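Look at the sequence and the structure below.

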Amino acid sequence: MRYLFTSMPVASHLMPLVPLAHAALAAGDDVLVATSGPATRVAVEAGLVTADAGGGHQARQPYDELLDLLARGEVGGPPDGPEALAVHGRYFGEVGARQLDDIVAIARDWRADAVVYPGIHAAALVAARAAGTAAVLHGYGTPLPTFGPALEHLAPHAERLGVDAITEAEFEIDVLPASMANFTDVPTAIGKPQHVLAMRYGCFNNGGTLPHWALRRGDVPRVVATCGSAAAMTLDGRLYRDIVVATERLGAELVLLTADADLPELPAELPPHVRPERWLPLRALVDTADAVVHHGGSGTVLSSFAAGVPQVSLPMPGTVNVSNARSVTARGAGPTLDLDSVTPDTVTAALETVLHDPEPRRAAREVAAEMAAMPPAASVVHRVGELIRDVR
């Protein structure tokens, strides 16, 4: 099999696909990645051969513009409301439009048997249909269909490529543990996948050097804070500033992952209980953590669950992170805070709950055991290959 993996130029969108790509390579299949921007760096550092898709057309730009809109509260309505969906569709669709021709050319020239993509990257499904290959919709958290509003934005491009009607991917890979509630209800008009395969989440957070202190527990509770690589997710560092104050009050150690973001609201001099780090492999790091504070990103949520660690979520309104956070809280693994009303006091109270109440940790450990029992990527890639061969 020849699997073409693709995502928007966003690191966190490609990371969840890497374990399946590695499993395909280990099985003797061929793998190529088509993306650009920060996602290219992820692919290359993961040892994956990569071809540029959209880099020459600044494909990342609309995504960053959308983050700025969200940070200013200018999208409007709930994340699954018609206004927010339309805005996301326009911006995500434009990212895909800038990548589309490259993905189609790569799929054709490389003779891909299947295109593997996260549902938010609707251009990948258009490309698969234009290139005449199978499509594999790869979940990276809450199951989502291929994003319909972005497909609407891409309709003129699909017509230009000779694609008259878009149908949903033949295969869907679902990584959400069964006990987790799905609060995302995104409408779809393109049907459903023919095959849905459950798969254990792979927790690929990039490689890195783990400091010796991270291999053992300290004398005080350890809290890890990460809100991704976009400064907008931290309100330019204001959230981190509140987390610093809260952890100091609680006598906890804080590992602060900044991802080199420009954070003008975060003081340059931090108190001694803070360990500022640019980037550390999250899944390995949280093995010795007592709590994780995060933005509700799918990879962070599931990596924290895989380690059995309770969580405090601070999701940006208007993003799928809100529904991710609701799933965490509904499972009993930790509270969700309203980003617009976060203060040191609210963060302190939330962290006090997950550090001292045994119930969030118990819930997190139950989900960890559930995830460990899900099928590994190796068996899933084998099954997908069998199904593709059966329809030839």
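The model is predicted. According to an unreviewed UniProt entry, residues 1-23 carry the annotation "signal peptide". In the model this stretch is 43% helix and 22% strand, and its end C-alpha atoms are 12 Å apart.

Strand β5 (residues 134-138) runs parallel to β6 (residues 171-174), and three bridges join the two. Within this pair, H138 has I173 of β6 as its bridge partner. Helix α7 (residues 148-160) forms a right-handed β-α-β unit with β5 and β6. On to β7 (residues 195-198): four bridges join this strand to β6, again in parallel. Here D174 is the bridge partner of A198 in β7.

Now turn to the open sheet of five strands. Their order is β10-β9-β8-β11-β12, with parallel pairing. Why is one side of β10 and of β12 left without a neighbour in the sheet? Both β10 (274-277) and β12 (311-313) stand at the edges and have a single partner strand each, so one side of each has no neighbour there. From one strand to the next, the twist averages 15°. Strand β11 (residues 291-294) is joined to β12 by three bridges, and V293 stands opposite V312 in β12.

Two helices lie across strands of this sheet. Helix α8 (residues 238-250) lies across β8 (222-226), β9 (253-257), β10 and β11, and runs at about 165° to β9. Helix α10 (residues 298-306) lies across β8, β11 and β12, and its angle to β11 is about 175°.

Definitions and conventions:
Residues are numbered from 1 along each chain as its sequence is written. This is a predicted model: local features need pLDDT of at least 70, side-chain atom pairs count only at pLDDT 80 or more; totals for chains, interfaces and linings use all residues. Side-chain values use heavy atoms; hydrogens and water are left out. UniProt positions are given in the numbering used here, feature names are shortened, and annotations may be inferred rather than shown by experiment. Two strands pair if DSSP finds at least two bridges between them. Axes are lines fitted to C-alpha atoms, for helices over the stretch in contact, and angles run from 0 to 180 degrees between N-to-C directions. Contact means heavy atoms within 4.5 Å. A crossover is right-handed if, with the strands pointing away from the viewer, the path from the first strand over the helix to the second runs clockwise.
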